[in-house]
Amino acid sequence: RVQHASWSALLQGLYLMYFVVVRSALLLFDCSTDADGVSTLDADPAVLCGDDAPAGGVYAELAPLAAVSLVLFGLGIPGFFAAVLYAHRASIRADQELRARGEGNSASTNRWFATRVRWGRLYGEFKP
């Protein structure tokens, strides 16, 4: 049971981290060009970005990290959620049918109860 609760907490944490990390990473690529043709970061106009950024500057150091974060978090977390839903689709479907009927709220009445406890946060709000 502790293991199931740990997975549930991990899913909740990933869900919350997803929006924060992806939004923060995207902010680094939100640049504007002023009247002089100089590209600056909208979040901090003192930081030059794009081709105007100096080689050892803040933008040059953070842009690769932001790109990696976008790939790992922006694609990785939804990919992980999709893989879990796909791998457990049969037991999730069976549990959803029980849930729709208001049944299977314990391990003795639902042979897929462990699936509900572990992965229920991913599919609990969706009706079959």
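**Entry 1: Arg116**

I looked up the neighbours of Arg116 and found that Arg116 touches Asp95, Leu98, Arg99, Glu103, Gly104, Asn105, Asn110 and Tyr123, leaving aside residues up to four places away in sequence; contact here means heavy atoms within 4.5 Å. The model is a predicted one, in which local features need pLDDT of at least 70 and side-chain atom pairs count only at pLDDT 80 or more, while totals for chains, interfaces and linings use all residues. Residues are numbered from 1 along each chain as its sequence is written, and side-chain values use heavy atoms, with hydrogens and water left out.

I then noted a polar contact of 2.8 Å between the side chains of Arg116 and Asn105. A polar contact is a pair of N or O atoms within 3.5 Å; within protein, one must be able to donate a hydrogen and the other to accept it, and residues adjacent in sequence count only if both atoms are side-chain atoms.

Is Arg116 buried or exposed? I recorded Arg116 as buried because its relative accessibility is 11%; buried means under 20% relative accessible area, exposed over 50%, and partly exposed in between (1.4 Å probe, protein chains only).

**Entry 2: Helix H4**

Arg116 lies in helix H4, which spans residues 113–123 and is mostly covered, with 8 of its 11 residues buried. Helices (H or I, at least four residues) and strands (E, at least two) are DSSP runs, numbered from the N terminus. I listed the buried residues of H4 as Phe113, Thr115, Arg116, Arg118, Trp119, Gly120, Leu122 and Tyr123.

**Entry 3: The disulfide**

I searched for disulfides, meaning pairs of cysteine sulfur atoms within 2.5 Å, and the structure holds 1. Cys31 is joined to Cys49, with an S to S distance of 2.1 Å. Cys31 lies in strand E1 (residues 31–33) and Cys49 in the loop between strand E2 (39–41) and helix H2 (58–87), so the pair ties together parts 18 residues apart in sequence. I noted that Cys31 is partly exposed at 25% relative accessible area, whereas Cys49 is buried at 0%.

**Entry 4: Helix H1**

I placed Phe19 in helix H1 (residues 2–27) and recorded Phe19 as partly exposed, because its relative accessibility is 47%. Gly13 is also in helix H1 and counts as partly exposed at 27%. I looked up the spacing of Gly13 and Gln3: they are 10 residues apart in sequence and 15 Å apart in space, C-alpha to C-alpha.
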